[in-house]
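Me: Could you take a close look at the salt bridges in this one and walk me through them? I'd like to know where the partners sit and what else goes on around them.

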Amino acid sequence: MNPYRLYLVTDDQQDLATLKHVVQQAVAGGVTMVQVREKHGDIRAFIERARAVKVLLEGTGVALIINDRIDVALAVDADGVHLGQSDMPVELARQLIGKNKILGLSIEDENQLIIANSLPIDYIGLSAIFPTASKTNTKKHWGLEGLTMALRCTSLPIVAIGGINESNIPALCKTGVQGLAIVSAICHAQDPKAASANLLNLIQAASKSG
């Protein structure tokens with residue numbers, strides 16, 4: 001089972017009750033990994049939200065990834081951490097979380113992509129594939145051509161993120177990308193379970209035909 005296939009990234013603008021509802025429904029619909037992302041700097045609130053998601057994921061086989069914060073990941077004993085380029089160096093993060101936790105890194109340009117091959121990480125988050133309202137400070141948009149190039153340049157699994165929805169999933173999956181990270185198409189769906197199931201079906205169908 002590919003754990004990166006349908007990778008939910010939570011929306012930090014949603015309150016705790018909405019977050020729990022979205023995650024619970026999304027897991028029921030088939031998401032394979034959940035990253036809790038918080039950008040407000042309130043560590044207590046971050047830990048509270050991460051703990052709530054961890055409880056929901058117990059027994060599901062879906063990994064809990066914490067965005068940016070090693071301290072929060074350790075506090076809740078998450079399955080892994082996803083770091084950005086301005087976060088803690090990945091070598092130090094690996095020492096702190098140990099060799100058995102999942103460690104992901106956001107890659108925003110070709111130079112970072114080449115460096116990533118020698119880092120102690122488990123996967124790459126390639127950002128941003130397409131323009132997206134949920135992340136406005138992106139360096140570049142890779143597009144399908146850039147994603148295809150990136151896949152040729154690394155043996156690490158790549159999770160594509162940025163502007164991904166049902167209209168572009170078939171073309172993305174035909175590149176052979178290992179995972180698709182989704183924010184709005186699940187978090188803002190009226191029915192997160194149905195949205196997740198639909199996206200997973202699209203991924204599976206496109207992967208077979210590709």
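Reply: The structure holds 6 salt bridges, a salt bridge being a side-chain nitrogen of Lys or Arg within 4 Å of a carboxyl oxygen of Asp or Glu. Keep in mind that this is a predicted model: local features need pLDDT of at least 70, side-chain atom pairs count only at pLDDT 80 or more, and totals for chains, interfaces and linings use all residues. Residues are numbered from 1 along each chain as its sequence is written, and side-chain values use heavy atoms, with hydrogens and water left out.

Let's begin with Asp68 and Lys39, whose side chains meet in a salt bridge at 2.7 Å, N to O. The two are 29 residues apart and link distant parts of the chain: Asp68 is in the loop between S3 and H3, and Lys39 is in the loop between strand S2 (33–36) and helix H2 (43–57). (Helices, H or I with at least four residues, and strands, E with at least two, are DSSP runs numbered from the N terminus.) Asp68 also has a phi near 75°, a positive value in a residue other than glycine. Most residues other than glycine have a negative phi. Asp77 is another with a positive value, its phi being near 55°, and Asp77 lies in the loop between H3 and strand S4 (80–83).

Next comes Asp122 with Arg94, where the closest N and O atoms are 2.8 Å apart. Asp122 lies in the loop between helix H5 (110–116) and S6, and Arg94 in helix H4 (residues 90–97), so this pair ties together parts 28 residues apart in sequence. Arg94 is buried, with a relative accessible area of 13%, while Asp122 counts as partly exposed at 28%. Here buried means under 20% relative accessible area, exposed over 50%, and partly exposed in between, using a 1.4 Å probe and protein chains only.

Then there's Lys140 and Glu110, with their closest N and O atoms 2.9 Å apart. This pair also links distant parts of the chain, 30 residues apart, with Lys140 in the loop between S6 and H6 and Glu110 in helix H5. Lys140 is partly exposed at 24% relative accessibility, and Glu110 is partly exposed too, at 37%.

A cis peptide bond joins Ser127 and Ala128, with omega about -10°. Most peptide bonds are trans.
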